[in-house]
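Let's take a friendly look at a few parts of this protein model. Have the sequence and the 3D view ready.

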Amino acid sequence: MKSLTGYASLENQGEGLRWQWELRSVNGKGLDLRIRMPDWCAPIEAELRKRVGAVLARGNVTIGLRIYSDGSAMGAAVDPEALDRALDQIAQIEARAAKRGISLRKTSASDILSVRGVVSEEARTEGMTDALTALLLADFDVALAAFVDSRAGEGMALSAVITRQLDTISDQLVSIRAILPARAEAQAEVLRAGMSRILETEQLDPARLHQEAAVLAVKSDVTEELDRLDAHVAAARQLVASDAPVGRKFDFLCQEFNREANTLCSKSQHSGLTELGLEMKVTIDQMREQIQNVE
């Protein structure tokens, strides 16, 4: 079992550049892949999507690639557009100040360079080289493997939580079966008392009364619901042990769990069974919350 949440990052350098890969994901119904990287790296985007699609089935995944100069081949670069904006803003400020007779000290080049965005360490290049492409993709594979491992680690924790919840449901089924004899006796006593009151005032066919009592007994029987819940627990344990993406199947199975628990409560007619049924519904809801994070 793997989680839909995960994180990994990797930094490296080569070809006069340094770079950082960052991968993160949260839960999602399908595989939604978002890639953020310099425009000139666009030629590798299709390959990135292919490699991610081969190992992930679901999740909102964000991949980030930042590339900088490593200082050996190129230094920090001045962004011409950001510089123009800074100069325009300084000119506007100085003009407004002069208009009001306010004297400002002379703006120096160091003042302008300190304006955010004017100087950027982000590398700018004319395009991808084969050597750089190979380095970036090799590092991406390492980062992707670490990312998958992080989701698997989260999945192990989810498996433990879900297994405990399944154990709780199994214990609740045992407790329900243990109170069924007392429930049956209480229902029979209520039915006998009701029949006695009716027979005292009206002449009814005893055979018809027995027939109606049998129908009521069938309608209140919960054996099928308990058997189906046992089967659901067994199926859920198989999903927990599976290596394949099981999140959608598990979500559907939780709906079936909830349907049977609702039927138990509606058929209950016994305070003990109602209490256990409600406790089971709480456990199922808690389990379904965890399932939303399963791939």
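Strands E1 and E2 pair in the antiparallel sense over nine bridges; strands pair if DSSP finds at least two bridges between them. Within this pairing, Tyr 7 has Arg 24 of E2 as its bridge partner. The two strands form a hairpin with two residues between them, and Glu 15 in the turn has a positive phi of about 55°.

A quick word on the source: this is a predicted model, where local features need pLDDT of at least 70 and side-chain atom pairs count only at pLDDT 80 or more, while totals for chains, interfaces and linings use all residues. Residues are numbered from 1 along each chain as its sequence is written, and side-chain values use heavy atoms, leaving out hydrogens and water.

Here are the elements with their residue ranges (helices are DSSP runs of H or I with at least four residues, strands are E runs with at least two).

| Element | Residues |
|---|---|
| Strand E1 | 6–14 |
| Strand E2 | 17–26 |
| Helix H4 | 130–201 |
| Helix H6 | 223–241 |
| Helix H7 | 247–267 |

Now for the helix pair: H6 and H7 pack at an angle of about 160°, with their axes 10 Å apart. They are therefore roughly antiparallel (angles over 145 degrees). Their contact (heavy atoms within 4.5 Å) includes Leu 229 and Val 240 of H6 and Phe 250 and Leu 264 of H7.

Is Ser 159 buried or exposed? Ser 159 sits in H4 and, at 14% relative accessibility, counts as buried (under 20% relative accessible area). Ser 159 touches Met 1 and Val 240, not counting residues up to four places away in sequence.

Note on methods. Axes fitted to C-alpha atoms, helices over the stretch in contact; angles between N-to-C directions. Parallel < 35°, antiparallel > 145°, perpendicular 65-115°, else oblique. Buried < 20%, exposed > 50% of the residue type's maximum accessible area, 1.4 Å probe, protein only.
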